[in-house]
Amino acid sequence: MTAEETTPETKPFEALPLGDRIANFVVIVVPLIALAAAIVLLWPWGVSWTALALFFGMYIVTGFGVTVGYHRLFTHRSFETGPVLKAILGVLGSMSVQGSIIHWCGYHRQHHQHSDHDGDPHSPHTHGHGHGIGGVLRGLWRAQVGWMLERDRPTFARNYTADLEKDPVVAWIDKRTWLWITLSLLIPTVLGGLITMSWAGALLGFLWGGAIRIAFVHHVTWSVNSVCHIWGSAPFRSHDESRNNALIGLLALGEGWHNNHHAFPTSARHGLRWWQFDPSYLMIRVLEKLGLARRVRVPSSERQAEKRAA
Ligand SMILES: [Zn+2]
Ligand SMILES: [Zn+2]
């Protein structure tokens, strides 16, 4: 099932429980506190090459978990793969600490279904934020993190995720989200300790490969929801305010070509032009060459021409 094939859902759903809002607050704020702590520690301790390598390594691996796994495979079915790679991508996506796989995909399908209209869970345009720079900033804040803390945010409709709940691999991963979050912090901590054979190395591994990396992956991913619905170019007709933004394209491993993506949600390739760098699509092409990905979907040049904005 794709976002294009889901049933339109017009009724508000149940409100988000207080416990979930508190959990969201903790998950959003703690990595930012860790970032502040690391900046303070930077003066007496510096930052080691080991810590930086753990940061970039974990950023890339869990980033692909979100872009190739959560987004292009599980939400949009833009390619197919076997159960082992499916499980690996689902676990890596879960290690980004952006919510369980079924919740993430459900909210994202809901976003495509209602993009920038009532029912979109995180549009910067739907809540009457007013005009001028203040209105833009309020919309930006809501799309970035504010929507996860709202009391009357609707939970996603179950009809968006029926296919995922029936998938045994996805259901197994979804039930163990806290295990993947724990591993996501434990792996860089243990590696930092073992590589440097020191407790300080373990702490820097935890901070840079764990908490700070989570903060960066969070805000780059969430910038696709906020920045890429405000600033950039719109070469395709997509019935919403989605934009192609080169900076987010680069940082978010190709996800910032967001107007292309809203025009062709089931395409495995978001950077549709040769100069639109899309590492996530390159990764899917590598998987295809290795025989690990099949039925990789990309719109024909005729379909692209049909949707091109005048
Ligand atoms: Zn969008
Ligand atoms: Zn999408």
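1. Helix 5 and helix 9 are oblique to each other, because their axes cross at roughly 130°, and an angle counts as roughly antiparallel only over 145 degrees. The model is a predicted one, and in it helix 5 covers residues 132-144 while helix 9 covers residues 199-226, the two axes coming within 8 Å. The crossing of helix 5 and helix 9 is right-handed. On the side of helix 5 the contact is made by L140, A143 and Q144, and on the side of helix 9 by W222, S223, N225 and S226. By residue class, this contact of helix 5 with helix 9 divides into 3 nonpolar and 4 polar residues, with no charged residue taking part.

2. A second pair to inspect is that of helix 2 and helix 8 (residues 177-196), which pack at an angle of about 150° with their axes 10 Å apart. That angle makes helix 2 roughly antiparallel to helix 8, since the class begins over 145 degrees. The crossing of helix 2 and helix 8 is right-handed. Helix 2 brings T50, A51, L54, M58 and T62 to the contact, where they meet S184, P188, L191, G192, I195 and T196 of helix 8. The residues of the contact between helix 2 and helix 8 comprise 6 nonpolar and 5 polar ones, and no charged ones.

3. What surrounds M95, and is this residue buried or exposed? M95 sits in the loop between helix 3 (83-94) and helix 4, yet it counts as buried because 26 other C-beta atoms lie within 10 Å, where 20 or more are needed. Leaving aside neighbours within four places in sequence, M95 is in contact with T62, G65, W180, L183 and S184. Of these contact partners, T62 also belongs to the helix 2 side of the packing with helix 8, and S184 to the helix 8 side. Along the chain, M95 and C105 are 10 residues apart, and their C-alpha atoms are 15 Å apart in space.

4. Within helix 2 (residues 49-75), G69 deserves a separate remark. G69 counts as buried because it has 29 C-beta neighbours inside 10 Å. Not counting residues up to four places away in sequence, G69 touches F74, L89, G90, L92 and G93. The C-alpha atoms of G69 and V227 are separated by 22 Å, the two residues being 158 residues apart along the chain.

5. Two residues call for a look at the backbone. Most residues other than glycine have a negative phi. R77, in the loop between helix 2 and strand 1 (80-81), has a positive phi, near 50°. H239, in the loop between helix 9 and helix 10 (246-251), likewise has a positive phi, in this case near 60°.

6. G119 and P265 are 146 residues apart along the chain, and their C-alpha atoms are separated by 18 Å.

7. Finally, some remarks on the chain as a whole. Its secondary structure comes to 13 helices and 2 strands. The radius of gyration of the chain is 19 Å, which agrees with a compact globule, because a globule of 310 residues would have a value near 19 Å. Along the principal axes, the C-alpha trace spans about 60 × 50 × 40 Å. Of the 310 residues, 45% count as buried. Among contacts between residues at least 6 apart in sequence, 67% join residues at least 24 apart.

Terms used: Residues are numbered from 1 along each chain as its sequence is written. Chains are lettered from A and ligands numbered from 1 in the order in which they are written. This is a predicted model: local features need pLDDT of at least 70, side-chain atom pairs count only at pLDDT 80 or more; totals for chains, interfaces and linings use all residues. Axes are lines fitted to C-alpha atoms, for helices over the stretch in contact, and angles run from 0 to 180 degrees between N-to-C directions. Helices (H or I, at least four residues) and strands (E, at least two) are DSSP runs, numbered from the N terminus. Angles under 35 degrees count as roughly parallel, over 145 as roughly antiparallel, 65 to 115 as roughly perpendicular and the rest as oblique. A crossing is left-handed if the near helix is turned anticlockwise from the far one by less than a right angle, and right-handed if clockwise. Two residues are in contact if their C-beta atoms, placed from the backbone, lie within 7 Å. Ala, Val, Leu, Ile, Met, Phe, Trp, Tyr, Cys and Pro count as nonpolar, Asp, Glu, Lys and Arg as charged, and the others, Gly among them, as polar. A residue is buried if 20 or more other C-beta atoms lie within 10 Å of its own, exposed if 12 or fewer, and partly exposed in between; C-beta atoms are placed from the backbone. The radius of gyration is taken over C-alpha atoms; the globule rule is 2.2 Å times the number of residues to the power 0.38.
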